[in-house]
Every structure is written in structure tokens, then in C-alpha cells.
Amino acid sequence: MSAPESQTPSTPPAVGGGASAPTGPAKSCSSCGRALIGWGVVSFPCPKCGSLGLGRCAQCRDQSVGYRCRVCDFQGP
Ligand SMILES: [Zn+2]
Ligand SMILES: [Zn+2]
């Protein structure tokens, strides 16, 4: 019985920046990436993992464009 050695990277990729907090209200649409400025924009926590950072602009809300959580990879409208 031979078990293949699997080398798993122990060190995660370095996170660039650091000046701005990684978590917080969304500043851009999670679907199209536009800045959440103007009327109709909404920012909300992920329905699955509850992390902040999701946001949708009025256009994507109107067209029911899907989004994806960058934390837990949840997809949905
Ligand atoms: Zn959008
Ligand atoms: Zn999530």
C-alpha cells in the first residue's frame, strides 16, 4: 500500500494592501462591479455565511443579475 505524497501549500497567498479593512459594506456591485452610488443601490450580508460585502446596483437588481459571495462562493439572486 503506497500512499502518494501530496504537498499542500501551507502558506496562503499574501494579501495585498492592508490599509482598508477586508470586511465591510459593499462599495461596488457584486454583479457588474459598478460603484454603489445613486438611488436603488443596496448592500446586504451574504444569506449563507452572513459576511458583509455583497452589493447590487439598481440595474442588476432590475435585471435579476446573479451574484456570488467571495467568502463562501454562494451564488444566487
Ligand atoms: Zn450591477
Ligand atoms: Zn457568503
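Ser64 is an exposed residue in this predicted model, because 9 other C-beta atoms lie within 10 Å, and a residue with 12 or fewer such neighbours counts as exposed. Ser64 is placed in the loop between helix H1 and strand S3, the latter spanning residues 67–68. The backbone of Ser64 also deserves attention: although Ser64 is not a glycine, its phi is positive, at about 55°.

A second residue with a positive phi is Asp73, where the angle is about 70°, and Asp73 is not a glycine either. Asp73 belongs to the loop between S3 and strand S4, which covers residues 75–76. Is Asp73 buried or exposed? Asp73 counts as exposed, because it has 10 C-beta neighbours inside 10 Å.

The discussion now turns to the helix. Gln59 lies in helix H1, which comprises residues 58–62. Gln59 has 14 C-beta neighbours inside 10 Å and therefore counts as partly exposed, the class between 12 or fewer neighbours and 20 or more. Along the chain, Gln59 and Val41 are 18 residues apart, and their C-alpha atoms are separated by 8.6 Å.

The chain contains one helix and four strands, and from the N terminus on its elements follow the order β-β-α-β-β. How many of the 77 residues count as buried? The share is 13%. Finally, among the contacts in the chain with a separation of 6 or more, 42% are made by residues 24 or more positions apart.

How values were computed: Residues are numbered from 1 along each chain as its sequence is written. Chains are lettered from A and ligands numbered from 1 in the order in which they are written. This is a predicted model: local features need pLDDT of at least 70, side-chain atom pairs count only at pLDDT 80 or more; totals for chains, interfaces and linings use all residues. Helices (H or I, at least four residues) and strands (E, at least two) are DSSP runs, numbered from the N terminus. Two residues are in contact if their C-beta atoms, placed from the backbone, lie within 7 Å.
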